[in-house]
Amino acid sequence: MTVMSVSDVYSQASTPKTQENSVMGKDDFLTLLVAQLQHQDPLNPAESTEFTAQLAQFSSLEQLQNIESTLSGFEVYQSTLNNIQSSGFIGKTVTATGSMFGVNGGNPDPIRFDLVNDADSVYIQIYDNFGGFVTDIQAGARQAGEQQMAWDGRDSNGTVVADGSYTFTVMAMNADGAIVSSNSYTTGVVTGVDYKTGATNLLINDREVPISSVIRIEETGNQSE
């Protein structure tokens, strides 16, 4: 009967498998090693150097599994720590990448964006939470850099809009009529933190903002006007 050496089995086990139950663990490795010793030809025993190499392979396999287990535990710890730390955002005013803003008590949040280059004309279009057009604002000429626009909270017919979430888009052009690139931002006070999707989202006026999109954190009331 042909007995496969442990090194051969280890080599095969190192090849990625498509099924989870086909992956050899350290207990399987040790079982095969013992079986090899039990069934070796007593007149032609395995070389000590080969046996030592197989033991080294077993030790390496065990260490790799221990490292994997440690890293998994670290990931859980880091995730928990991040969740705890994110609660410190509550009550702070944050600015994040995004084009959403809110209207609360009839008072719209400032519309914030930046321009990559100087623009000869800037237009801002505002949409409701369902994507319906609300109104547009002519912001005139603007220099490159961070911008802030105020909106009176009225639609194109002059009617005061309802409280809720809104979005905006920016169209900017230079004197030659070429489009000037822009970046939109959302700003507001964090009222809570949500973890239900597995990701950490900050709640700003009932809007979910990924914590990874935050670019600025300020004490409420100290943000620039």
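**Exercise 1. How many salt bridges does the count come to?**

Before you start: this is a predicted model, where local features need pLDDT of at least 70, side-chain atom pairs count only at pLDDT 80 or more, and totals for chains, interfaces and linings use all residues. Residues are numbered from 1 along each chain as its sequence is written, and side-chain values use heavy atoms, with hydrogens and water left out.

*Step 1.* Take the rule: a side-chain nitrogen of Lys or Arg within 4 Å of a carboxyl oxygen of Asp or Glu. That gives two salt bridges.

*Step 2.* Lys92 pairs with Glu219, with the closest N and O atoms 3.9 Å apart. Lys92 sits in strand β1 (residues 92-97) and Glu219 in strand β12 (residues 214-219), so this bridge ties together parts 127 residues apart in sequence. Strands (E, at least two residues) and helices (H or I, at least four) are DSSP runs, numbered from the N terminus.

*Step 3.* Glu146 and Arg216 make a salt bridge at 2.8 Å, N to O. Here strand β7 (residues 145-149) holds Glu146 and β12 holds Arg216, 70 residues apart.

*Step 4.* Check accessibility: buried is under 20% relative accessible area, exposed is over 50%, and partly exposed is in between (1.4 Å probe, protein chains only). Lys92 comes out partly exposed at 23%, and so does Glu219 at 46%. Glu146 is exposed at 56%, while Arg216 is partly exposed at 24%.

**Exercise 2. Find where confidence is lowest and where it is highest.**

*Step 1.* Start with the average: pLDDT, the predictor's confidence in each residue from 0 to 100, averages 78 for the protein, and 65% of the residues score at least 70.

*Step 2.* Helix α1 (residues 6-13) is lowest with a mean of 44, and strand β5 (residues 119-127) is highest at 96.

*Step 3.* Residues 1-7 have pLDDT below 50, with 14 contacts in the model beyond near neighbours in sequence; contact means heavy atoms within 4.5 Å. Residues 9-20 are also below 50, with 12 such contacts.

**Exercise 3. Which residues of the largest nonpolar core touch the most other members?**

*Step 1.* A nonpolar core is a set of buried Ala, Val, Leu, Ile, Met, Phe, Trp, Tyr and Cys residues joined through side-chain atoms within 4.5 Å.

*Step 2.* Of its 20 residues, Ile111, Phe113, Val122, Ile124, Ile126, Trp151 and Phe168 touch the most other members. Strands supplying at least two residues each include β2 (100-104) and β4 (111-115).

*Step 3.* Take Phe168: leaving aside neighbours within four places in sequence, its contacts include Phe101, Ile124 and Tyr185.

*Step 4.* Phe168 also belongs to one aromatic cluster with Phe101, Trp151 and Tyr166. Both Phe101 and Trp151 are buried.

Technical notes
Rings of Phe, Tyr and Trp (its six-membered ring) pair if their centres lie within 6.5 Å; planes under 30 degrees apart count as stacked, over 60 as edge-to-face and the rest as tilted.
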